[in-house]
Amino acid sequence: MSALDEPLKKILGGTTAKVMAEQLGLNTVGDLLHHYPRRYAERGELTRLSDLPLDEHVTVVARVADARVLKFNNGRGQRLEVTLTDGSGRLQLVFFGKGIHKPHKELLPGRRAMFAGKVSVFNRKLQLAHPEYALLDGEDGEEAVDAFAGRLMPIYPACQQMASWKIAKAVDAVLPSAREALDPLPEALRAGRALLPLPEALEKVHRPRTKADIEDARSRLKWDEAFVLQVALARRRMAETQLPATPRPLTPGGLLDAFDAKLPFTLTEGQQKVSREIFDDLATDHPMHRLLQGEVGSGKTMVALRAMLAVVDTGGQAAMLAPTEVLAQQHHRSITEMMGELAEGGMLGGAEQGTKVVLLTGSMGAAARRQALLDLVTGEAGIVIGTHALIEDKVQFHDLGLVVVDEQHRFGVEQRDALRGKGKQPPHLLVMTATPIPRTVAMTVFGDLETSVLDQLPAGRSPIASHVVPAKDKPHFLARAWERVREEVEAGHQAYVVCPRIGDEEDAPKGKGAKKKSAEEAAAGEEKRPPLAVLEVADQLAKGPLAGLRVEVLHGRMHPDDKDAVMRRFAAGEVDALVATTVIEVGVNVPNATAMVIMDADRFGVSQLHQLRGRVGRGSAPGLCLLVSEMPEASPARARLAAVAGTLDGFELSRIDLEQRREGDVLGQAQSGARTSLRMLAVIEDEQVIEAAREEATALVTTDPELTGYPELRTALQALLDAEREQYLDKG
């Protein structure tokens, strides 16, 4: 067993190891060596007290300015208040009860110490309650001073039960094992790119003597992550090319030609180019694996439908998977409308080269479901659209040739896999996403898929004007927003009003809506009100600013039939304003809806706002999107909204989004293992590393697919693809 696989409890003792395992997910020596410092404090350089983040665990080094014991509760209780200063700001520490004796003796004015704790707010002041501390001067502080004065102090991602310096002590205990670390990078690559050997990089990242040490270590460790991940993806791409698939070449004079002939418009250049890429892939004898990215409304469904028709022409079947029933029903409606009599194969009045397009969802009646299943197994239905009900064991296909997955990140890999098993040979796969993903993220997360991008809007789609409405600073702007909605309705159009919450929760909101107060609000000393709710807002609008208009609600807890009825009425123009949650985020297509007001817009992510906005301006009239927020003008939240209002380019916005949120969320949606494998690599900042690693990985896998010449790399891959991820990558 290598030294890096040693369990921590052997080296650090049970209690420390238990906290590390439970709180930080660190179980072995190797795990701890890869728990890198978040940043480094220089001698005398501190987390400036003026920059403390609320609700985070921090480590600060500061001097005691004053300390005093205060009595409360009629003298029965006492607390010690200590004020710290570091020149940039002040911070209060507070200790209660018996816990005050030791700090009262030790934390004397003028003394300097390291403090760790969670930053909270009391009486509008930032404070640490009962922080841990270590003195940096005086009798027991000699070693601490040396350690502190002599080098860059690593500050580790910590938790309440385990302060940064305790982690540093634990790292000291395991650091000698770093010498035995196996180096996954091939020697030639390492030398060619002048990268440090791995043991040296680990030593320098944890105990740097200079800033250059940190840089060298980081660039080496980034390479490890990027390269091992790219090798895994390159091997998957290679494995795909070895799988057999039934080629589905274009068949002239079939369903596709008939469909194209009746299209009332010409496809955009982008649609034609992407269609060609897809048709070329379908004609080969290994499975297509393509990611189709496109802005909301760029015509992805049209491209996917043409691919499905091409497969039906070869005698195969195509399945389209949607994440929700509402979406599946919509796709079914819009595809049957687009196809007209071509979707009525075998029926009276249907075209002779037509096919059947069936819908399969969980809430269908038994008879309709039986008929749909029958049409699939006999091959009568060339196209099936459904939710994951398609994946159940009972569903059998005559000859499944193509699977189209809509909104990838809402769809698990296991599900794609189960569906894939339904073909006689692996079917071709087209994954669609409307959340534009920057190229590097796509390379990191979907590196096994070829990517096609649709970036122009079809003719006849109108631009969307977006504006931020600062409801608190300028209430008259909000009043004007409702006037604008009335104007749109008077002009014969319709509007959406989106809220973050439904509003029939029995108890306090949990989960996403129940965000903690942000540091901005805490500093302003404000209690955050709960997010605005659909039911309340709809009620207020119907009685107030939108009185006299037909206002209805739509949210996820309604019965599917009720949801559908509301959507149908809205689509038919019988509802003027639809007050909804983000259920409308994906795929709702009502060309007559021109205005959208998003309440509490600061509570949505950038990509989500962009997604929502794409629901208006789908017809010939221009769209209007109003982002309502009560956040102060200088806040980061408002800057985010300004970015959304400032550009309609989803790729640009997804970069902004990523830079702000880091990629954990983006990768987390799509790749169960990514979060744990990327510790050093920042997908947006490290574009060059990722691209270079991808080239090197592809070249290496092409010459040695089994990695026989690279035993260390094989070991690193096994570690990256531990059981859970192995399964994940196999199914990707």
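Colleague: What makes the backbone nitrogen of L255 and the side chain of D313 a polar contact?

Modeller: This is a predicted model. In it, the backbone nitrogen of L255 lies 2.6 Å from a polar atom of the D313 side chain. The cut-off is 3.5 Å between N or O atoms, so the pair counts as a polar contact.

Colleague: Why is D313 called buried?

Modeller: Its relative accessible area is 19%. Buried means under 20%, so D313 qualifies. D313 sits in helix α12.

Colleague: Which residues does D313 touch, leaving out those up to four places away in sequence?

Modeller: T251, G254, L255 and L256. G254 is 59 residues from D313 along the chain, yet their C-alpha atoms are separated by 5.8 Å.

Colleague: Which members of the largest nonpolar core touch the most other members?

Modeller: M308, M339, I383 and L402, out of 40 residues. Helix α12, residues 300-313, gives the most to this core, with ten residues. Another core lies apart from it, with 33 residues, including L4 and Y36.

Colleague: What does M339 touch, not counting residues up to four places away in sequence?

Modeller: F259, K262, L305, L309, T355, V357 and I383.

Colleague: What makes the crossing of α21 and α22 right-handed?

Modeller: A crossing is right-handed if the near helix is turned clockwise from the far one by less than a right angle. α21 passes α22 in that sense. Their packing angle is about 35°, with the axes 10 Å apart. V606, L609 and R613 of α21 meet R640, L641, V644 and A645 of α22. By class, that contact has five nonpolar, no polar and two charged residues.

Key. Residues are numbered from 1 along each chain as its sequence is written. This is a predicted model: local features need pLDDT of at least 70, side-chain atom pairs count only at pLDDT 80 or more; totals for chains, interfaces and linings use all residues. Side-chain values use heavy atoms; hydrogens and water are left out. A nonpolar core is a set of buried Ala, Val, Leu, Ile, Met, Phe, Trp, Tyr and Cys residues joined through side-chain atoms within 4.5 Å. Buried means under 20% relative accessible area, exposed over 50%, partly exposed in between (1.4 Å probe, protein chains only). Helices (H or I, at least four residues) and strands (E, at least two) are DSSP runs, numbered from the N terminus. Contact means heavy atoms within 4.5 Å. A polar contact is a pair of N or O atoms within 3.5 Å; within protein, one must be able to donate a hydrogen and the other to accept it, and residues adjacent in sequence count only if both atoms are side-chain atoms. Axes are lines fitted to C-alpha atoms, for helices over the stretch in contact, and angles run from 0 to 180 degrees between N-to-C directions. Ala, Val, Leu, Ile, Met, Phe, Trp, Tyr, Cys and Pro count as nonpolar, Asp, Glu, Lys and Arg as charged, and the others, Gly among them, as polar.
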